[in-house]
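Subject: Structure handover

Hello,

Here is the structure I promised to pass on. Please open it alongside this note.

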Amino acid sequence: MVEVLESGGQEVVVPDSGRSESPASTVAAAYSMPKLIEQQILQNQEQSVSSSADQAVQELTQLQQFYAGQKIFITGGTGFLGKLLIEKLLRSCPGVGFIYLLVRPKKGKDVHQRTEELFDDPLFARLKEEQPKFRHQIVAISGDCSLPSLGISAVDRAVLLREVSIVFHVAATVRFDEKLKLAVAINVQSPRDILNLCKEMPQLKACVHVSTAYANCIRKQIEEKFYDAPIDGQKLISLLECMDDKMVDDITRPILGKWPNTYTFTKAVAEDIIRQEADGTPIGIFRPAIVISTYQEPIRGWIDNMYGPTGVVAGAGTGLLRSLHCDGTLKANVVPGDMTVNALIASAWDVAQTKQNNKHSNDIPVYNYVSTDDNPLTWDQLKVMSAKYGLDIPTSRAVWYYSFRNTKSKIVHLFYIYFLHLLPALLVDAVTLCVGKQPRMLKVYKKIHKFMDVLNYFTTQEWSFSNDRVNSLIDKLEPKDRSMFNMDMRKVIWDTYFQNYVRGIRLYLIKDPIETLPQARIKWQRMYWIHQTLKALLGYALLRFSWFAVSWVVRVLA
């Protein structure tokens, strides 16, 4: 047994054998005391550390425990969803190991420069405040999803194979009008390469491939399952490898068939490649709807791209966009960025759980993350709420007063295009030339109309999505995870969301700080009266013309 004796005012640990000791043995014991004390202290420390670690693990939520100690490989980390994913994992999953980011050199900057610049985004301000030492967890891997085998070196590949246990393949070209050859390389070939990489990872728990809810947009009812691909992926890759760019451009439209653009087409092909070649790999397909700005975290309303309805709201708010060919009664299938990433993080856990519960199953779970049925929002509602808050916080960079409408009729929309877009642009460019400056309005509208043509397919049709697996996943999560990783679209309050959405567009896209709001409101008021005056003059001119035309007809008939 061990007794605690008091010696010189200090507690000393000595062994008690239950018998008396001789003076010599007492001296020997005295010399051995420091060693015994040191051993006992070390043992106590180890037990304390072990106990603290166990307690810390017990305090983690189910999702946090899954990610604790894991090393994660992310492609597309410099994109919108990728940034949100990195931030959320580092901030809300304590104990997560290294995050390996696939980054390509770009515009003369190497991967390390691009990685450092990534964290300059205001999105990471909260993470820097709460966990200032997160940077050591990020490892940049040089690569390019448009190259064979992701353009990764043999050394980096060996590191990934040895270390990684969770993979998120987020990288994609999201340009709807991307050249087919490049779209196939990034959206079809790279998922196949990721899958091949995963098959060699001995510690792999889960891989999630980010697709899109519109990969199978030629169908009106889209369930959480696989559909037949427009063409075999491997055949498509081999076919394009044998053709030059001109030939590929010539055959693009026939190859796309019923698919509206290269983006949805290549996403459909990629899903089929994963279905055919997964071969038991723990992988899932995540299909988000149209992803727009953040709802609640880490900052409300953050957005860094003009895709989809965001470009429409920004264009309308600056006075450039006056009409969109759109049936306003149809549902706009939009989802907040932060909630999308929460669902993505949870889906990886669910993929691992599914595989663990049935190791011999080759089923690949598909997750439709949508809003159309659980919390529907129409295009007209989106327009009204955007206008409501846009008029309240106008931008100082507006070129004209807000005058936007959803136009269901294609003919009426074309009328607006010619008379509210092209004619004013032509007049402005003519004046610009007269004063010796470079005209640019017609060029601006050429880009706007190209963007609108791509968007029209999705604003004039409606789809029905099933999302039973996503709702089941929400139910599986414990209450703390449901709160910390909020992904329930049924709880979104759209009016609150759009208040921050419009503000975020002003701050993060138009780059117009809130401090300019007083001047912007003065300018906005001035543009309002100019707009109203011009409408009155045009109305008067139209009445005069009508009166003249009617009078002329009457005189002729008389």
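Start with the contacts, meaning heavy atoms within 4.5 Å. Among those in the chain between residues at least 6 apart in sequence, 82% join residues at least 24 apart.

Some ground rules. This is a predicted model, in which local features need pLDDT of at least 70 and side-chain atom pairs count only at pLDDT 80 or more, while totals for chains, interfaces and linings use all residues. Residues are numbered from 1 along each chain as its sequence is written, and side-chain values use heavy atoms, with hydrogens and water left out.

Overall make-up

The chain has 19 helices and 15 strands. Both are DSSP runs numbered from the N terminus: helices are H or I with at least four residues, strands are E with at least two. Of the 558 residues in the chain, 49% are buried. Buried means under 20% relative accessible area, exposed means over 50%, and partly exposed is in between (1.4 Å probe, protein chains only). The chain exposes about 27900 Å², and carbon and sulfur atoms supply 57% of that. These areas come from the Shrake-Rupley method with a 1.4 Å probe; for residues, only the protein chains shown count as cover.

The cores

A nonpolar core here is a set of buried Ala, Val, Leu, Ile, Met, Phe, Trp, Tyr and Cys residues joined through side-chain atoms within 4.5 Å. The largest one has 126 residues, and Y67, L89 and F168 touch the most other members. Helix α12 (residues 337-357) gives the most to this core, with ten residues. Look at Y67: beyond its neighbours within four places in sequence, Y67 has contacts that include L89, F168, I345, A348 and W349. Another core lies apart from the largest one. This other core has 27 residues, among them C145, I152, L204 and I283.

L204 is worth a look. It sits in the loop between α7 and β7 and is buried, with a relative accessible area of 14%. L204 and V164 are 40 residues apart in sequence, yet 6.7 Å apart in space, C-alpha to C-alpha. Leaving aside neighbours within four places in sequence, L204 is in contact with V164, S165, I166, V167, C198, T281 and P282.

The sheet

What is the strand order of the open sheet of seven strands? It runs β5-β4-β3-β6-β7-β9-β13, with parallel pairing. Two strands pair if DSSP finds at least two bridges between them. β5 (138-142) and β13 (366-369) stand at the edges with a single partner strand each, so one side of each has no neighbour in the sheet. Direction ignored, neighbouring strands of this sheet are turned by 20° against each other on average. Strands β6 (residues 166-169) and β7 (residues 206-210) pair in the parallel sense over four bridges. F168 stands opposite V208 in β7.

Charged pairs

Side chains of opposite charge can pair when their charged atoms come close. A salt bridge here is a side-chain nitrogen of Lys or Arg within 4 Å of a carboxyl oxygen of Asp or Glu. The structure holds 26 of them.

- K83 and D304 meet at 3.1 Å, N to O. K83 lies in helix α3 (residues 80-92) and D304 in the loop between β10 (290-292) and α11 (309-317), so the pair ties together parts that are 221 residues apart in sequence. K83 counts as buried at 11% relative accessibility, whereas D304 is partly exposed at 27%.
- E200 and R157 meet at 2.9 Å, N to O. E200 is in the loop between α7 (180-199) and β7, and R157 is in helix α6 (residues 154-163), 43 residues apart. Both are partly exposed: E200 has a relative accessible area of 45% and R157 has 25%.
- D177 and R175 meet at 3.7 Å, N to O. D177 is partly exposed at 34% relative accessibility, and R175 is partly exposed at 42%.

A covered helix

α11 is mostly covered, with eight of its nine residues buried. These are P309, T310, G311, V312, V313, A314, G315 and A316. They pack against β10, β11 (323-325), β12 (334-336), α13 (379-392), α15 (441-459) and α18 (494-509). G319 follows α11, and its phi is positive, near 85°.

Best wishes

Note on methods:
Axes are lines fitted to C-alpha atoms, for helices over the stretch in contact, and angles run from 0 to 180 degrees between N-to-C directions.
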